[in-house]
Amino acid sequence: MKTIKTQPWPGQKPGTSGLRKKVAVFQQPNYLENFVQSVFNILGDCSGRRLVVGGDGRFFNAEAIQIIVKMAVANGFAEVLIGQSGILSTPAASCVIRKYQADGGLILSASHNEGGPDGDFGIKFNGANGGPAPEAVTDAIYAASEGLGEYYISDVADVDLATLGKVLRGETSVTVIDPVADYADLMETVFDFQQIRELLSHSKFHMRFDGMNAVTGPYAVEILERRLGAKAGTVMRSQPLVDFGGVHPDPNLVHAHELVELMNSDTPMAFGAASDGDGDRNMVLGSGIYINPCDSLAILTANAHLVPGYRDGLSGVARSMPTGRAVDVVAKTLGIPCFETPTGWKFFGNLLDAGKITLCGEESFGTGSDHVREKDGLWAVLFWLNVIAARGQSAKAIVREHWLKFGRTYFTRHDYEAVDVEAATDVVEGLRSRLGDLTGQVFGEMTVTAADDFSYVDSIDGSESSHQGLRVFFDNGARAVMRLSGTGTAGATVRVYFDCHQPDPARQGADAQRALAPVIAAFESMTGLCRAIGRERPDVIT
Ligand code: G16
């Protein structure tokens with residue numbers, strides 16, 4: 001074991017989902033090492049403990065894993081489990097931590113951010129429940145990183161990540177595990193594989209899953225093609241590549257455009273889906289319809305009784321605050337609680353552990369349940385397939401019927417990326433300072449009925465998280481939310497979210513931008529956002 005003297009690196013504060021920086025930042029001497037040692041220091045005595053390590057396979061994944069193993073050996077871990085080739089999707093890592101009762105895991109991913117040597121890298125710590133560390137832990141890691149003076153590393157040989165099996169490094173047993181099998185087995189316990197198999201064998205049901213050259217390819221091939229019998233080639237871009245083949249692995253209508261073109265071709269697919277770099281996000285498309293993630297959460301909640309894993313009912317649901325409020329309407333009808341949490345999957349962990357909720361989701365293409373403690377892209381796809389198979393209807397028909405029964409909640413998110421940090425902060429602070437005076441004021445066609453700065457008190461451990469987004473409510477029930485992203489790596493990303501409920505069936509067929517135009521205009525007139533940050537329009541609209 002070697003003790004290496006080091007200096008704290010500034011800014012090792014985990015954001016919404018771990019520490020995300022450019023690859024070049026992580027490649028600096030001691031940068032990764034400092035963060036990993038800070039995590040280990042927070043864990044305390046590591047002897048006798050079990051650690052899971054894996055990532056989305058992006059550039060620097062394999063090198064980072066070798067460093068982490070050497071540090072785990074020096075810090076006295078009894079056992080390290082690693083996904084073969086360094087691969088573990090984020091939901092699979094959560095599954096493995098839980099199944100093997102590990103003390104936690106280090107997940108290497110920058111999620112949907114671009115990869116390659118000039119792209120992004122990331123690392124996050126998940127606890128023994130398989131979920132992202134809560135804020136108290138990430139704050140403690142940050143504090144530890146600021147006072148770090150040394151780290152511990154051993155000079156044992158690299159582990160052959162390609163070969164399954166157990167080896168000894170120092171006193172630590174290091175096992176390279178099949179990254180797919182445990183996760184695929186878990187999916188078989190949740191869904192009706194026989195029913196989905198029949199759907200996929202139907203001559204008229206064609207589907208594509210876009211792995212975006214990222215981590216979900218091997219999982220989707222195993223589950224959809226091998227276990228469920230979908231035709232070979234159902235999974236496109238199925239090979240995880242270190243640079244994602246130049247693809248931006250963000251499953252939205254822009255970056256998954258090949259899938260979108262297939263859905264709109266002369267012989268359209270009945271169903272299409274895509275996942276992101278680390279496999280926790282999902283985008284779902286039916287023939288002739290894009291299913292907004294907020295609608296998706298609501299529809300899965302309303303249909304959960306059709307899925308074996310949820311047949312006994314849901315204890316409750318949760319959504320992040322900016323997520324469109326479609327699921328609230330379903331929860332009310334079902335008579336189950338609906339929790340509103342800050343952005344970030346970590347805020348669902350306590351509610352899931354306490355059995356207060358069964359399903360949860362976010363507008364940022366994340367949906368999940370109590371089967372693991374991460375959002376889960378392929379799980380959402382299988383859920384949709386199970387519902388389509390059980391109802392014998394197209395995805396579009398299911399969505400339309402849902403709107404008829406529960407009303408449609410229009411939703412959109414406008415992102416302004418790489419904005420000058422000072423300008424972005426000024427506009428957010430400017431609105432925050434006016435929140436108390438807004439009620440009753442008229443902007444465009446709309447009157448403000450309430451405005452606040454969202455704070456959350458965790459009902460399980462009493463922890464408080466404040467300044468989680470500025471909310472403005474209008475007289476027709478519409479809402480606008482503004483916050484700064486906690487996952488970007490360049491400048492500031494300003495996110496503005498809009499939603500509005502429409503119960504009238506005659507007015508449910510509009511384009512979301514058009515339906516929400518009055519609230520979008522009212523918010524712009526209230527904040528002067530575009531002028532203040534020097535933009536004409538959002539960079540990304542979802
Ligand atoms: C992460 C978090 C999500 C969050 C999303 C967007 O997703 O896990 O909970 O909704 O970032 O966060 P922000 O708006 O702060 O950028 P992922 O898929 O990137 O890990």
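I am working on a predicted model, so local features need pLDDT of at least 70 and side-chain atom pairs count only at pLDDT 80 or more, while totals for chains, interfaces and linings use all residues. Residues are numbered from 1 along each chain as its sequence is written, and side-chain values use heavy atoms, with hydrogens and water left out.

Eight of the ten residues of α4 (residues 90-99) are buried, so the helix is largely enclosed by the rest of the structure. Buried here means under 20% relative accessible area with a 1.4 Å probe, protein chains only. Among the buried ones I noted Pro91, Cys95 and Ile97. Just after α4, Gln101 has a positive phi of about 50 degrees.

Then I turned to the rings. Phe, Tyr and Trp (its six-membered ring) pair if their centres lie within 6.5 Å; planes under 30 degrees apart are stacked, over 60 edge-to-face, the rest tilted. I get 13 aromatic pairs by this rule. Phe26 and Tyr31 are edge-to-face, because their centres are 5.3 Å apart and their planes at 80 degrees. Both Phe26 and Tyr31 are buried. I also found Phe347 and Tyr456 edge-to-face, at 6.1 Å centre to centre and 85 degrees between the planes. Phe347 sits in the loop between β16 (338-341) and α12 (349-353) and Tyr456 in strand β22 (residues 456-457), so this pair ties together parts 109 residues apart in sequence.

Conventions:
Buried means under 20% relative accessible area, exposed over 50%, partly exposed in between (1.4 Å probe, protein chains only). Helices (H or I, at least four residues) and strands (E, at least two) are DSSP runs, numbered from the N terminus.
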